[in-house]
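Open the structure in your viewer and keep the selection tool at hand. We will go from stop to stop.

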Amino acid sequence: MVGRMLTACVLAAAICQVLNAEQHARIQEVYPWRRKGEGVMVRIKRDWIIPPIRVLENSKQVPENLVQIKSDKIFTGEVIYKLEGPGVDQAPKNFFEIDDKTGVIRSKRPLDREKYSSFTLKAFALSTSGERLENPTTIEIVVLDQNDNRPVFTQKQFTGAVSEFSVPGTSVMSVSATDADDPMTDNAFLSYSIIGQESIPANAVTKTMFGINNETGTIYTRDVGLDREVVKTFRLMLQVADMGGMGLTSEGVAIIHVSDINNHAPQFHPSSYSMTAVENRMNYEIGRVNVTDLDDRGTGNWEAKYFISNDPYRNFAVTTDGVTNQGILMAAKPLDYEAQKEHILFLTAENINPLSDKAPNLPVSSAIVVVTVVNENEAPRFREDPIRIVVPESVAPGTLLKSNIAFDPDQSDLRYEISRDPERWLDINRHTGDITARRTFNMRSQHVKNNIYVAVVKVTDVGGVSTTAGVAITLKETNDFPPKLLPRIGTVCRDARRAASSGLVLTAEDDDLPPHAAPFVFEMPDDVSLNWTVIQVNDTHAMLQPLVDLGDGEYAVTLLVSDSGKPTLSSYAQINVTVCLCDSFGDCKSEAGAAFGSGMGIGFIALIVIVASVGLLLLLLLLAVAATSCGRRHPIKKGAGLLVGDSEDDIRDNVLNYDEQGGGEEDENAFNIDLLWNPLDAPLTPPMPYYPVAGVGGKQPIRKDAPHNLPSPAYPRRPPADPTDIEDYIGDGLQAADKDPNVPPYDTALIYDYEGEGSLAGSLSSIASGSSDEDQDYDYLNEWGPRFQKLANMFDPR
């Protein structure tokens, strides 16, 4: 620690001496030397120059003194040293500190070069009063790297390929790794190596077949003998190490596939064949020849093509079976037994891809095929091959597609069968050969290519001679589906009719294929065209617009859309349109209507409204019944209103209800009370007007408290729903009666259409007897008790 401080001081002193000896232009001079007067010199103030301080990362000796700084200015006061910058008072903080009295800079905690490789700080020398004694100087702290990071491969598994029989040194692939340590040191100097090799299948190759460049990571072939037929894949275990291979290590995997080259020619096995062919037949399979090839199956290096070297008249042809790679010998022309009974053919084979120059130098494989022509009865013959049929795709099952497809020169009976029908769409009559549709066709089947479906039929005569022919069925698209209008809901701005480009854009979809789909025609029924119109935009789209100004709300618009098929198919569709006020973006300002219309149609909304209305009515009815029953169960308390309850002489307890108000009533005690109108038993509409019972020709009493011959006021027409409102109801009626000069009081006796005969109660004419109202005496009303006191006061002559 002391040595470092002394070294810094000595270095500073040496630098000052060198600077004094150099020219002034070599450093920045704040106050250059100059004369003030005779014999007086002023010291030049120079900047501090401190070389970078190097600190090893991950140091365990913390805190650790790094350097000591001092001011070379001579003064008598105390010097205070300050330090600031990243690592001190700026992020990242608390890595360094300085002793403000001694100027010793020390580290407070271990450093990590991978996070912070260097720090640039500013040092200050101040007096006790805060005055700068020196210009601030820059202190550079460099963090030295340690090998504390292991190299890592950039991939968990590397994959490459190399052709078989590649020469040594052939580049296969490259691998790479990274190291977080300082790339300028050996800590990040990587070295690659292969530490293991496995072959698939296992142990097929024991020698080391691959090498790797330890600096670049390039994998290359190291030895000869890569043969895909022996080993198809190699698995290499890799290792990368830093410090040039002497430091930390990591492992990885590389998979190398050996790709095939055409190093094997096809070989006939066996090399000679004997076959028979029936005369007068062509384009049928006579027999097959076999070849073997060790190259990759299913590729051009494996697939063979065959040639016939001695067939000048081209009577035969050989095709390749793509699955088995066999050669199929066919009769290209009808053979004639009388002309030539036997044909000897020389066949050769080669691959689709050219043979590699690394293949063994072997002669071309060949085979001899002896074809013996059989003199048999003439084979059945198809009238055409292939049998061409044109039919609509929607043909009904059982429809006859083709008849009379073959004949036999020997006039023998024939048997028909379908030998290939992948979709099982066809039926054939075994005896007549009539081909019928088993079910409707589907042009979207994977076996339909360019609208053509291919099948194979076979016909055999009584001698067992058969012939096959292809059936090429051309399917014609039919118009099976009407177009469907889209969308079924939408929004139209209120001012859409003023903007030609505004409205609801419509389209249609059709499950048919052209030409039975687009172009579509959009039309509107006459009864809807008064308020709406539809404008054709192109072959597939149209625009719905209102013709008149419509209010905000939901509208059901019916449209007709037709396709271009023959015959044309159409469909009606109802569109639920929400008309609303739109903003500048064309969206509804209020989303209530659109949200409601987007979830259901107009009919469904109406249904909901009806159900809700019925439910509300039922609820109101239940409430009315409950209120009525409640009112009947709870009479009005005494003194609570016009009618007094809970009294022994409550008139409502004595009121008798009769279906017919005629003669013969036997209850004389309740007779007079029965003639009074009881509001609780009144009909929904009170009878108007009310007259006292005066007998035939009786005179109505005249009101004393109101003028005569004035128009009658309006009476309440409906009774209250709540029994507790009876007092208000009777009060309103009484007030109207008080102001009506043309009728007697509202609580007078009711008049009945028929009084009956022989009543023991006698006549009631005494109520209004006499020739004038002045002669009538109403004093008896005072004798009826307090319930009729108001009536008595109204007719009191005083």
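Which residue does a disulfide join to Cys 493? Select Cys 582: the disulfide joins Cys 493 to this residue, with 2.1 Å from S to S. You are looking at a predicted model.

**Stop 1: the disulfide**

Stay on this pair. A search of the whole structure finds 1 disulfide. Now colour the elements around the two cysteines. Cys 493 lies in strand β41, residues 489–493. Cys 582 sits in the loop between β47 (570–580) and α2 (592–599). The pair therefore ties together parts that are 89 residues apart in sequence.

Turn the view to look along the S-S bond. The torsion about it is about -105 degrees, so the disulfide is left-handed.

Are the two cysteines buried or exposed? Cys 493 counts as buried because its relative accessibility is 12%, under the 20% cut-off. Cys 582, at 13%, also counts as buried.

**Stop 2: the largest nonpolar core**

Select Leu 401, Ile 405, Phe 441, Val 457 and Ile 473. These residues have the most contacts inside the largest nonpolar core, which has 26 residues.

Zoom in on Ile 473. What does Ile 473 contact, leaving aside its neighbours within four places in sequence? Its partners are Ile 389, Val 391, Leu 426, Phe 441, Asn 451, Ile 452 and Tyr 453.

**Stop 3: a patch on the surface**

Move to helix α3, residues 602–633, and pick Leu 620 in it. Leu 620 counts as partly exposed because its relative accessibility is 46%. With Leu 620, they form a nonpolar patch on the surface. Together the patch residues have about 500 Å² of accessible area.

**Stop 4: the whole chain**

Zoom out and colour by secondary structure. The chain has 6 helices and 47 strands. Of its 798 residues, 36% count as buried. Its accessible surface comes to about 45600 Å², and 53% of that belongs to carbon and sulfur atoms.

Residues 24 or more positions apart account for 65% of them.

Methods. Residues numbered from 1 in each chain as written. Predicted model: local features only at pLDDT ≥ 70, side-chain atom pairs only at ≥ 80, totals over all residues. Heavy atoms only, no water. Patch = residues over 30% accessible without salt bridge, like charges linked within 9 Å, V, L, I, M, F, W, Y side chains within 5 Å. Areas by Shrake-Rupley, 256 points an atom, 1.4 Å probe, with all protein chains shown as cover. Salt bridge = Lys/Arg side-chain N within 4 Å of Asp/Glu carboxyl O. Helix = DSSP H or I, 4+ residues; strand = E, 2+ residues; numbered from the N terminus. Buried < 20%, exposed > 50% of the residue type's maximum accessible area, 1.4 Å probe, protein only. Disulfide = S-S within 2.5 Å. Core = buried A, V, L, I, M, F, W, Y, C linked by side-chain atoms within 4.5 Å. Contact = heavy atoms within 4.5 Å.
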